[in-house]
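Q: Could you take a close look at the salt bridges here, and explain with care where the paired side chains sit?

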Amino acid sequence: MAALLRHSTPYRDQYDISLALLDDEPAAYEVPDWITVHQLDCRGSLLQSIRQLRALERSLRPAATLSFLTRANVANWASRAGKGYPWIISERVNTSAHLGKGLSGRLGHMLVQLSYRHATHIIAVSQGVADGLSETFDVPDNIISVISNPVDTIHITRQALEKYPVHPEPYIVAIGRLVENKNFGLLIDAFAAASIPGKLIIIGDGPLRATLEQKIADHGLEPQIILTGFIQNPFPLLAGAQFFVLPSNAEGFPNGLVEAMSTGTAVVSTNCKSGPSEILANKNNLAIEEMTPVDFGVLVPCNDVTAMADSLLYFQDDETRKRFADLALTRTKDYTPEKAARRYWHVIENSMNAV
């Protein structure tokens, strides 16, 4: 969202653009100073999000609204539906996997199914996310567009040039929250099975840290596998890695994968829903049964320790890594912020013109 705002300068003379932030939390990303920011304080509550957003919209009377993430999307529906003004939502995740299980998951499923199909338009970050909305939540295909996340390759290249403590040994990098869906346990088991030299560095934090530390200890790999918290600028570390690994069970659009590719690093990913096969093979729902080199990287089946270990061994060859690093970098040209911003504004303006 912040990247899209930074690249919306051509539209600032045509529209007053406001940004409403639902929760009063420290800012993770900067937005342009010409954007009017409205800081709400909903504290993670859907009901408060609806109430405070309604009050803000009564004050601003916007010609169109665009929301990001599920809670904001449902609040957008509750504030706009039936008023005759366009409201657009951007779905960032594999929705059914993101909603979880139990009572809260069922309630979330019901709210998504009730609200999303009435949107003026939905922007999905991958075809896999779009297919999930149609198949699981009965959203009509004709109101969905697929626009991949923007990745600012120029900014990443600059950040990658910053100095970072050099690791004397070769190393592999993975990044993400230490939660079940990211499946770092698979990567640890595969690293142990492959018995390759060098280190595995996992950048991230989360509730499974202790569980993963115990798994590392059980394999006797404490010297080789490093669990480090999130760092402000991971790109120099990525640029110096042998390759990057994404072991997830589900994604929406894996930003980290494309960001790693933007540093000129070869990549391995599980063939999970949604996004990796679209990025690496330019195909949705690609069926594979083993470690498979594709157009821009390597795909492995989900939860397959042997296939993941095979991919780690495959990239021990210097020439293979170099070839896939070059291919990865060429692919990132398809994800520039300028392209994404133009496509978002096309949807917004078409939605307003249709009213």
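A: In this predicted model, a search of the whole structure finds eleven salt bridges. The general idea behind such pairs is that side chains of opposite charge can pair when their charged atoms come close.

One of the pairs joins Lys199 and Glu169, whose side chains meet with a distance of 3.5 Å from N to O.

Another salt bridge brings together the side chains of Asp189 and Lys215, at 3.2 Å from N to O. Asp189 lies in helix α8 (residues 184-194) and Lys215 in helix α9 (residues 209-218), so this pair ties together parts that are 26 residues apart in sequence. Lys215 is partly exposed, its relative accessible area being 26%.

A further pair stays inside one helix. Lys322 forms a salt bridge with Asp326, and their closest N and O atoms are 2.7 Å apart. Both residues lie in helix α14 (residues 318-331), where they are four residues apart, or about one turn of the helix. An α-helix has 3.6 residues a turn, so residues three or four places apart point the same way. As for accessibility, Lys322 counts as exposed at 51%, while Asp326 is partly exposed, with a relative accessible area of 40%.

Salt bridges can also be linked to one another, and here Asp205, Arg209 and Glu213 are joined in a network of them.

In soluble globular proteins, nonpolar side chains tend to be buried together. The largest nonpolar core holds 49 residues, of which Ile122, Val173 and Leu280 touch the most other members. Leaving aside neighbours within four places in sequence, Ile122 is in contact with residues including Ile89, Tyr116, Leu133 and Val139. A second, separate core has 32 residues, among them Phe184, Ala194, Leu221 and Ala266.

Notes. Residues are numbered from 1 along each chain as its sequence is written. This is a predicted model: local features need pLDDT of at least 70, side-chain atom pairs count only at pLDDT 80 or more; totals for chains, interfaces and linings use all residues. Side-chain values use heavy atoms; hydrogens and water are left out. A nonpolar core is a set of buried Ala, Val, Leu, Ile, Met, Phe, Trp, Tyr and Cys residues joined through side-chain atoms within 4.5 Å. Buried means under 20% relative accessible area, exposed over 50%, partly exposed in between (1.4 Å probe, protein chains only). Contact means heavy atoms within 4.5 Å. A salt bridge is a side-chain nitrogen of Lys or Arg within 4 Å of a carboxyl oxygen of Asp or Glu. Helices (H or I, at least four residues) and strands (E, at least two) are DSSP runs, numbered from the N terminus.
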